[in-house]
Amino acid sequence: MIRTTALTKRYGAILAVDGVSLDVRAGDIYGFLGANGSGKTTTVRMILGLVLATSGEVQLLGQQMPKGGRTALPQVGALVEGPAAYGHLSGRANLALLDAMGQGGVRRTRTRRIDDVLEQVGLAEVGRRPVKAYSLGMRQRLGLGAALLRQPRLLVLDEPTNGLDPQGIREIRELLLHLHARGTTVFLSSHLLAEVEQLCTRVGVLDRGRLVLQEDLANLQAPTGRTVVHTPDHDRARALLDGRIEHRDGDRLVIRGADAAELNALLVADGVRVTELGPERRTLEQVVLAATDTATGQVGA
Ligand code: ATP
């Protein structure tokens, strides 16, 4: 869906994007993570052909960008740098205008497509109200609605939840999951680990312009081969598991070995009370910190 090869953008002395090779596959919800200023927006703009790369290549839906934009872009819905809309016009009128300006499809189906989109983004009730009366979350959903007018195969979204409250963030997340379930591939940039962890199937991490990690979330969060046990009887557990305990933090023990059932049986047979037990998995935060740490020699943002 999106494939970049050694994509690079230099602004004078600043290397904003440095040799980035992204691979976004059909069916992914791809989270493009990075601290502020790490080069996410510049990368997204190059993908869409809005900024010319200094070197490297972008393939968007199999088309070389920016040359193949005429073929690729009609199948892509994009939201970059927040939604732009005329405040005095209604949400519906704004969508009609964008559609007429070529963002959408044929005129014959316009009313139906706009109704559809307003319904999808949860603005059907307020579609006739002027946009200046909309909350930030409603405006953001209208921006997403505009990106959906073309019934895109791929959505490219730059920080789609920026500035939204938790409720607004949840609404956007649910909408994206719904669109994904209907077959849309989603590529979104974010600086919020939790957002990406809850929503995405694949993650790319940008650190000062360089891609330091790209992997399926399920692989990153696969069991580590250790088991976590919570017990108030840690002294007894320690005596029993002699040498297998790698780490203790209060009642929490990290034990070498992935066989949770065997461990549970062993502990319970010896009268050790177990309050919680399961395979250890790394959080996305731990993975990202480790990746940015290796890349920069210091703890990442
Ligand atoms: P944010 O989340 O803050 O938008 P980002 O990860 O999207 O950050 P970019 O906006 O891509 O990062 O910026 C990456 C680097 O390139 C920054 O150092 C920025 O100052 C620089 N930069 C971006 N656009 C330009 C430009 N038009 N001219 C000069 N420098 C630029």
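Predicted model: local features only at pLDDT ≥ 70, side-chain atom pairs only at ≥ 80, totals over all residues.
Residues are numbered from 1 along each chain as its sequence is written, and side-chain values use heavy atoms, with hydrogens and water left out. A cavity is a set of points, on a 1 Å grid over the protein atoms alone, where a 1.4 Å probe fits but cannot get out. Grid points are joined across faces, edges and corners, and the volume is the space filled by probe spheres set on the points.

The largest cavity has a volume of about 50 Å³. Its lining (residues with an atom within 4 Å of a point) consists of Pro160, Thr161, Ile169, Arg173, Leu176, Leu188, Glu195 and Leu199. Helix H6 (166-181) and helix H7 (193-199) each give two or more residues to this lining. Helices here are DSSP runs of H or I with at least four residues, strands are runs of E with at least two, and both are numbered from the N terminus. The largest share, 3 residues, comes from H6. By class, the lining has 5 nonpolar residues (Ala, Val, Leu, Ile, Met, Phe, Trp, Tyr, Cys and Pro), 2 charged (Asp, Glu, Lys and Arg) and 1 polar (the others, Gly among them).

Helix H6 also holds Ile172. This residue is buried (under 20% relative accessible area, 1.4 Å probe, protein chains only), at 1%. Beyond its neighbours within four places in sequence, Ile172 is in contact (heavy atoms within 4.5 Å) with Gln140, Arg141, Leu144, Pro160, Thr161 and Leu164. The C-alpha atoms of Ile172 and Pro160 are separated by 7.8 Å, at 12 residues apart along the chain.

Helix H6 lies across strands E4, E8 and E9, and runs at about 160° to E8. Angles run from 0 to 180 degrees between N-to-C directions, with axes fitted to C-alpha atoms, for helices over the stretch in contact. Helix H1 (residues 40-47) lies across E4 (29-34), E8 (154-158), E9 (185-190) and E10, at about 150° to E9.

These strands belong to an open sheet of 6 strands with mixed pairing, in the order E7-E8-E9-E4-E10-E11. Strands E7 (76-79) and E11 (210-216) stand at the edges, each with a single partner strand, so one side of each lacks a neighbour in the sheet. Strands pair if DSSP finds at least two bridges between them. Strand E10 (residues 202-207) and E11 run antiparallel, joined by 6 bridges. Val205 has Leu213 in E11 as its bridge partner.

Note on methods
1 Å grid on protein atoms, 1.4 Å probe; cavity = no way out; pocket = protein on both sides within 12 Å on 5 of 7 lines; lining within 4 Å. Buried < 20%, exposed > 50% of the residue type's maximum accessible area, 1.4 Å probe, protein only.
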